[in-house]
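Biologist: I am new to this structure. Please take me through a single part of it in detail.

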Amino acid sequence: MPNNNLRVFEYLSDAAEWTPLVKLHKTVNKFPHADVFGKLEFTNPMGSVKDRIGRHLIRKAIAEGRLKPGDTLIENSSGNTAMGLAMMAVEYDLKCKIVVRSTTAKAKLDALRAVGAELILVDPSLPPEHPDSYNRKVYTILKQYPEYFFPDQHNNLDNNEAHYLTTGPEIWQQMSGKIDYVVAGIGTGGTLTGAAKYLKEQDTGIKVIAVDPVGSVFYDYFKTGKLVKPSGYLIEGLGDEELIKCVEFAYIDDIIQVTNEQAIKYARLLAKQEAILAGGSSGAALYGVVSLLESLPLHKPYRIVTVFSDSGNRYLSTIYNDDWLVEKGIDLQNV
Ligand SMILES: Cc1ncc(COP(=O)(O)O)c(C=O)c1O
């Protein structure tokens, strides 16, 4: 296990790995039989788990001759993959265009512009099949500019491979190979199912639990095989309006559904009780851990790993802002 503090990196993106794993205390003290650890992905250079895939998708494409300095890349992202790609665009002199929902937290949009990304804002209320929707806009642009490079984080299994090669082995080593459950939110599914593939190869007994927001299609599809009509939700980075290739259901043992209120409440608890200031998807992950623990018999000392994907600094004007909660009709009292 390298000591990152002693390492000197050639490129910023080389530092996108070996994030700390930290034991949780007060947020899980109702469950003395469980040891819960959170992987602090916001310590990556651009502030999220997505730096790992930014590096892998771009370096692999360059190595295979699919991309070269001076080219333009385009991706749809809730903001974090965009930051990882913007870092790679600087490293390889690429132009970086990002399709992003106009409701994305302002701090994320400002940060993207600061590192040179060009933003194409889309209306999040458009249905997924609309040519200008978040899911389709990139394809609409690619019709006009087929020469653009599209990493396609939602359907390109190199996303999952990045986590198979880094996140999974890190968790395995940091946990000394003793893991009962891995619990994480799924957006593209790359983090959880890529890491899960590696971890299940080491120990088939490890159970993998996904967390999906109410309004996304993954939960119902996993439970019933049916595609429900998607509806809006406020947890950035998680869920989707349609099925995508990178959510590899074969590596998921169960799915827990989370509401906006539950995710936000648990993100705030994580900040107050552990001083871990993370985003709403991390609150969703912690909620997933707590509801898993509530469902388990109390007879054995479970070791659980979860992933805190990005920093709460990006959401100070949203989920950590009481006026915003009122504006969105979010009441945390009865959660
Ligand atoms: C904040 C945040 N959390 C969680 C995720 C989910 O990670 P993955 O796409 O690997 O499933 C994302 C993905 O964009 C994200 O931005």
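How many of the 13 residues of α7 are buried?

Modeller: This is a predicted model, where local features need pLDDT of at least 70, side-chain atom pairs count only at pLDDT 80 or more, and totals for chains, interfaces and linings use all residues. Residues are numbered from 1 along each chain as its sequence is written, and side-chain values use heavy atoms, with hydrogens and water left out.

Now the helix. α7 covers 190-202. Helices here are DSSP runs of H or I with at least four residues, strands are E runs of at least two, and both are numbered from the N terminus. Of the 13 residues of α7, 10 are buried, so the rest of the structure largely encloses α7. Buried means under 20% relative accessible area with a 1.4 Å probe, protein chains only. Among them are Gly 190, Leu 192, Tyr 198 and Lys 200. The cover over these buried residues includes α5 (158-165), α6, β6, β7 (207-213) and β9 (302-308).

A cavity is a set of points on a 1 Å grid over the protein atoms alone where a 1.4 Å probe fits but cannot get out; lining residues have an atom within 4 Å of a point. The largest cavity has a volume of about 40 Å³, volume being the space filled by probe spheres set on the points. α7 gives the largest share of its lining, four residues. The lining includes Thr 191, Leu 192, Ala 195 and Ala 196. α6 (167-174) and β6 (181-185) each supply at least two lining residues as well.

Terms used. On a 1 Å grid over the protein atoms alone, a cavity is a set of points where a 1.4 Å probe fits but cannot get out, and a pocket is an open set with protein on both sides within 12 Å along at least five of seven lines; lining residues have an atom within 4 Å of a point. Buried means under 20% relative accessible area, exposed over 50%, partly exposed in between (1.4 Å probe, protein chains only). Contact means heavy atoms within 4.5 Å.
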